Amino acid sequence: MFGILALIAAQASSQDLLPIEVDGMLCHPSRLMVKVDDMSTAYNLTEHGYRIIRTFPEINWVVVETDPSELRASRSSLKAELGVKMVTFDRAALPTYTPNDAKWVDMWHARTIKADLAWDISFGDTAPVTVAIIDTGVNTAHPDLADNIWQNTDEIAGNNLDDDGNGYIDDRNGYDFGYSDPIPNDVNGHGTACAGLAAGVQDNTIGVTGVAPRAKIMCLKASIDSGYFYDSNNVGAYLYALNNGAKVISCSFFSDRVSQSERDAIDALWAGGVLPVVAAGNDNSVIPFYPGAYENVLAVAATDQSDNRAGFSNFGSWVDVACPGVALRSTTAAGGYTDGFGGTSGACPQVAGLAALLFGSVATTTNSEVRSHIEDTATALTTDFSKYGLINCEKAIQNLLGLINPPIKKPKVNYMTPVVAAVGSGQYMSARIYGRGFQAPHTVKIISNGRYLPIYAQSRDYVDFGMANGWASIAVFVDKVKILGFARPKTGATTYPLAELCTKGGALTGGFTEISASDSVYATIGRRSDGLIWLNGSIRKVIPAATMTLRLTRLYTGTISGTEDVYLYDWSSASYPYGNWVKLKTTTVPRTLTTTYVSVPNASRFVDPEGTMYVQVSTSGTLANAALKLDMLNIGK
């Protein structure tokens, strides 16, 4: 048309130029994409001095070439031309990075979390990063790990001296705290699999690749060979990682015991700029497990191939993110590979690998920033079993580098609990709402009895505020939108509501909001396949009194029979689950809304060192279509 094709052929450039970054995207340094009304406009553009090098008449687009120094100016002037509808930069893309590792084709989990798309942007090798695998040891000679094993270059191997003065002799690759020697060998195999998922070597034509393929692996054996992790070993490994330069630790072990020494070590890691990444555990429960439930860790749940919660995975308000945890491809202690590693044990090191990838991409990034980037870019899942969702390596890297600005997750309250402590003149006691999305730029307002309550502390995950004596209800607003209404269950009492619950097989609808007050708004628990209507859950941040009262308001539908038992877990007998559940009350199931009051003497025995009570309700002898309508469950004075 109008001889334009000949004009274009004469002006076309065959120069192969690398892209530049413009407004957060990679673009051709001297080309613009221009949409025109019709191809006659393209001829007019050439008459005005623009160099058109390609046309797409089927869709009325042309490619304009300009001097690199005039790219933005040409874009602005083209927008003003008659007949021009749109002008965009000529964006660049790369094929998704495909490692040549033999088992890459089977690593569905790495593609699910978009690790390959993250590698298109960064391999995390801008700054050297070490991830400590605190586990059953690592096969340091494994051909898919050996090149990434951390080397303590200040230590001379085999001379039986502490050359670097760090308190450990001959610790070239880490240390074995289980047996107090410098060889962190892996008899169990668990730690070697975790190491491969976090930082296995990439592009060596064999085996697998880790999420952070250029990070170094510090090998810290904390268990004995039978698989048990003692505090004395764990704490030593934590502090070794802190003192010897690790930026991330991966801990694929869990227990419900609460250890003050372990918590102090975790807090020291956080204060020292290290990010602890911890498996949530495999008990299919909302009951908090440790070290995953400590505040200063990133707790990881497991998903399956359909992005659903893996049936074994723990979940709840204390679990931060999720990651694939079934049928994982990784390295073995025997020097080979497995296609069947799993559990939250397998989910955890992949998240640790992402953390190492982020630390290695920007040298100045902090543990708090890395955690935020991982959480804020996670993909919300249909079933909300972790606070932020399934990790997305690509978006996390983009967010870190300022290429995207993901929206802050929708604010959510998981639970509220009072913390009985006088503040100021004693007119207020402190309370906490716990959830997500409370940080700036969100604005949080809490109203009780028509007045604003003072906010004492505010973070991403919680808000501490003053609760006036005599309050009847509160309402929580974020950006002027009400996200929680909470009525006081009993005037004059300090009351701790059930924070969350699970059924391990029974249908469940509703949660904290429905059971926080007696208001005929119910959580519904269905009958399980074993014939029980069963629930357990946790009451958080409890300060026990000498005698407390458990209050249970509920009714049962679809049955004319059944017996209900109410239990609390006795922490004085042993740490969970090795001690005893104490039956407090047996009742014939009520078929009208009924409140049962259960006296709990010596209540401190039912509270763990983190202030958590464990509640269980089990109902047997009901009919097949029976259901529990739970209106309120709490404990107080």
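Is S180 buried or exposed? In this predicted model, S180 has a relative accessible area of 56%, and because the cut-off for exposed is over 50%, S180 counts as exposed. Its place is in the loop between β7 and α6. The phi angle of S180 is near 55 degrees, a positive value in a residue that is not glycine. Most residues other than glycine have a negative phi, and most peptide bonds are trans. N60 also has a positive phi, near 60 degrees, and is not glycine. N60 sits in the loop between β3 (51–56) and β4 (61–65). With a relative accessibility of 22%, N60 is classed as partly exposed.

One runs from Y290 to P291, with omega near 10 degrees, and P291 belongs to the loop between β10 and β11. Another runs from A440 to P441, again with omega near 10 degrees. P441 is in the loop between β17 and β18 (444–448).

V277 stands opposite L298 of β11.

E375 is part of helix α10 (residues 367–376). Its relative accessible area is 1%, and because buried means under 20%, E375 counts as buried.

Next come the helix pairs. Helix α6 (residues 190–199) packs with helix α9 (residues 344–361) at an angle of about 40 degrees, and their axes are 7 Å apart. The crossing of these two helices is right-handed. On the α6 side the contact is made by H190, C194, L197 and A198, and on the α9 side by S345, G346, P349, Q350 and G353. These residues divide into four nonpolar, five polar and no charged.

Helix α9 also packs with helix α11 (residues 393–400), at an angle of about 25 degrees and with axes 10 Å apart. That angle makes α9 roughly parallel to α11. The crossing of α9 and α11 is right-handed. Here L354, L357, L358 and S361 of α9 meet C393, A396, I397 and L400 of α11. The residues of this contact divide into seven nonpolar, one polar and no charged.

What does Y434 touch? Y434 lies in strand β17 (residues 428–436) and counts as buried at 7% relative accessibility. Apart from neighbours within four places in sequence, Y434 is in contact with E295, S317, K387, K412, V413, N414, Y415, D461 and Y462. Y434 and L71 are 363 residues apart along the chain, and their C-alpha atoms are separated by 49 Å.

Strand β30 (residues 563–570) and β31 are joined in the antiparallel sense over eight bridges, and D565 stands opposite T586 of β31.

Strand β27 (residues 523–526) pairs with two strands described here. Strand β26 (residues 508–509) and β27 run antiparallel and are joined by two bridges, with T509 opposite T524 of β27. Strand β34 (residues 627–636) pairs with β27 in the antiparallel sense over four bridges, and A627 of β34 is the bridge partner of G526. In a regular strand the side chains alternate between the two faces of the sheet. In β27, A523 and I525 are on one side and T524 and G526 on the other; all are buried, and both faces of the strand are covered.

Terms used
Residues numbered from 1 in each chain as written. Predicted model: local features only at pLDDT ≥ 70, side-chain atom pairs only at ≥ 80, totals over all residues. Heavy atoms only, no water. Axes fitted to C-alpha atoms, helices over the stretch in contact; angles between N-to-C directions. Left-handed = near helix turned anticlockwise from the far one by under 90°. Contact = heavy atoms within 4.5 Å. Nonpolar A, V, L, I, M, F, W, Y, C, P; charged D, E, K, R; others polar. Parallel < 35°, antiparallel > 145°, perpendicular 65-115°, else oblique. Buried < 20%, exposed > 50% of the residue type's maximum accessible area, 1.4 Å probe, protein only. Pairing = 2+ DSSP bridges.
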